[in-house]
Amino acid sequence: MIILITFCLLCLIASFVSDRKKTLSGIKKGMTMFLKLLPTILSVIIIISVILYLIPNEVMLEYFGESSGITGYVFAALIGSIALVPGFIAYPVCGYLVKSGVGYPVIAVFITTLMMVGIITFPIERKFFGFNVALLRNILSLAGALIIGILIGLFWNII
Amino acid sequence: MKMFIKKNLFDISVITIFTIIAVISFSIDYQPVIEITKNNFADFLIEMLSFLPLLFIIIGLFDVWVPKETVAKHVGEFSGIKGSLIVIFLAMLQAGPLYGAFPVAYMLWKKGCSIKNVFIYLGAFSSLKLPMLTFEISFLGVKFSLLRTIISIPVFIVIAIIMEKYLKNKKFEINNL
C-alpha cells in the first residue's frame, strides 16, 4: 500500500513537472475509467457483504476442513471460486487449517481458486473481456487450480 | 448521464435498494443490516477506495505518456520470452484483488500488448504477487510457497497460450467499459 502511494505520488510529481496539461488529461482519463467501473464494483461488494453475512467464513471453512479426499478438493475449489477474501485474511486462515489437519494440496486448490477464479467478480470481468472470454478464463483457471493441487500432492512427499 | 444510468441499470438499482434499506435499518436500529454495513461492506469499501483511485491515476498517466510503439515493441506479438518476463515482473510488483488487474490488462492491450502476454499478466498477478508471497511464506512455509509458485508458472502460461489460440481468429477486444 505504501509502495503504491509513493509510486503514484512520484509519477504525479514527475509528470506534473514535465507537462501540466498532459498530467491533467491523464488524471481525467484514469478517473473517468474509475467512475465508469464504480457502480459495478459497489454492487458487487454489496452482494458479497450480504452473502458473507448469511454464510460466515467459519462455516464455509469448516466444510472443507473436515471433509477429506475428493470432497475436500471439490469444497476447496468451490469456496475458493466464490469467496473474495483478501490475502492477508486468507493466509492466516490457511495456516490455521493446515495446523488442524487439512492437507497442503487442498490448501493449494483453495488459494489458487481464490486468487484466479472469481464468480462474484464475474460481472466486472465480463465488462472488460466479454462473456465468453471471461467464462473461458475462469474455467481454465479452475482446471489449472485442480492440476496445481494434484501436482503438489504428487511432489510433496518426494521433495 | 442517461446512457450511464441505462448501461448500469442493474448495479444502480442494487446500490439504491441497499442504501434505502441501510438508511431505514440505521434509523430503526435493525441489527443484521447494520452489521452487514459496518463489518463487511465498510471493509470492502475501504479496501477498494484505498487503492483503486491511485491505480487508475497511474493507468491514466501511463496512457498519456507511454507511446503505443514502446509497449508493442516490448510486450507485443513478437516480443518473445522477454516480453512475457516483463509482464510477469510487472504483475509481481502489484497488490490488491484480481479485479484491479483488469483495467491494467485493458491498458496493456490497448497499447499493443499481445493477447498471450495479457493473460500471462493476469496469471502472474493472481499467483506471484510479491507482497502476498511474503504472507504465504510466513503462514504456510517456504516449501509449500515455492512448490506452489513453481508449479503455477507453467499452468498459467499454458492457460495464456490456450486463450491466445482460442482468440486468434476471433475479433477479440478488451472494452473500455
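A residue is called buried when its relative accessible area is under 20%, exposed when that value is over 50%, and partly exposed in between. Keep in mind that you're working with a predicted model.

**Exercise 1. Is Asn117(B) buried or exposed, and which residues does it touch?**

Solution. 
- Step 1: find the residue. Asn117(B) sits in helix H7 of chain B, which covers residues 115–127.
- Step 2: check the accessibility. The relative accessibility of Asn117(B) is 1%, so this residue counts as buried.
- Step 3: list the neighbours. Leaving out residues up to four places away in sequence, Asn117(B) touches Val75(B), Gly76(B), Ser79(B), Gly83(B), Ser84(B) and Val87(B).

**Exercise 2. Work out where Ser152(B) lies, and what it touches.**

Solution. 
- Step 1: look for the helix. Ser152(B) belongs to helix H9 of chain B, residues 142–167.
- Step 2: apply the cut-off again. With a relative accessible area of 2%, Ser152(B) is buried, because buried means under 20%.
- Step 3: check the contacts. Not counting residues up to four places away in sequence, Ser152(B) touches Ile148(A) and Ser127(B). That list has a residue of chain A in it as well as one of chain B.

**Exercise 3. Where is Asp29(B), and what can you say about its phi angle?**

Solution. 
- Step 1: Asp29(B) is in the loop between helix H2 (9–28) and helix H3 (31–65) of chain B.
- Step 2: read the accessibility. Asp29(B) comes out at 52%, so it counts as exposed, the cut-off being over 50%.
- Step 3: look at the backbone. Phi of Asp29(B) is near 60°, which is a positive value in a residue other than glycine.

**Exercise 4. Describe chain A as a whole: what elements does it have, and how spread out is it?**

Solution. 
- Step 1: count the elements. Chain A has eight helices and zero strands. The radius of gyration of chain A is 20 Å, well over the 15 Å that the globule rule gives for 159 residues, so chain A is more spread out than a compact globule.
- Step 2: get the dimensions. The C-alpha trace of chain A spans about 60 × 35 × 30 Å along its principal axes.
- Step 3: look at burial and contacts. In chain A, 46% of the 159 residues count as buried. Of the contacts between residues at least 6 apart in sequence, 70% join residues at least 24 apart.
- Step 4: find the charges. Chain A carries 10 positive and 5 negative side chains, and the centres of the two sets are 24 Å apart.
- Step 5: check the confidence. The mean pLDDT of chain A is 85.

**Exercise 5. Now do the overall picture for chain B: how many helices and strands, and what radius of gyration?**

Solution. 
- Step 1: count again. Chain B has nine helices and zero strands.
- Step 2: take the radius of gyration. For chain B this is 20 Å, while a compact globule of 177 residues would be near 16 Å.
- Step 3: read the dimensions. The C-alpha trace of chain B spans about 60 × 50 × 30 Å along its principal axes.
- Step 4: check burial and surface. Buried residues make up 50% of the 177 in chain B. The accessible surface of chain B is about 9,100 Å², and 72% of that belongs to carbon and sulfur atoms.
- Step 5: end with the charges. Chain B has 17 positive and 11 negative charges, with mean positions 11 Å apart.

Notes:
Residues are numbered from 1 along each chain as its sequence is written. Chains are lettered from A and ligands numbered from 1 in the order in which they are written. This is a predicted model: local features need pLDDT of at least 70, side-chain atom pairs count only at pLDDT 80 or more; totals for chains, interfaces and linings use all residues. Side-chain values use heavy atoms; hydrogens and water are left out. Helices (H or I, at least four residues) and strands (E, at least two) are DSSP runs, numbered from the N terminus. The radius of gyration is taken over C-alpha atoms; the globule rule is 2.2 Å times the number of residues to the power 0.38. Buried means under 20% relative accessible area, exposed over 50%, partly exposed in between (1.4 Å probe, protein chains only). Contact means heavy atoms within 4.5 Å. Lys and Arg count as positive and Asp and Glu as negative; His and the chain ends are not counted. The place of a charge is taken as NZ of Lys, CZ of Arg, CG of Asp or CD of Glu. pLDDT is the predictor's confidence in each residue, from 0 to 100. Accessible areas come from the Shrake-Rupley method with a 1.4 Å probe; for residues, only the protein chains shown count as cover.
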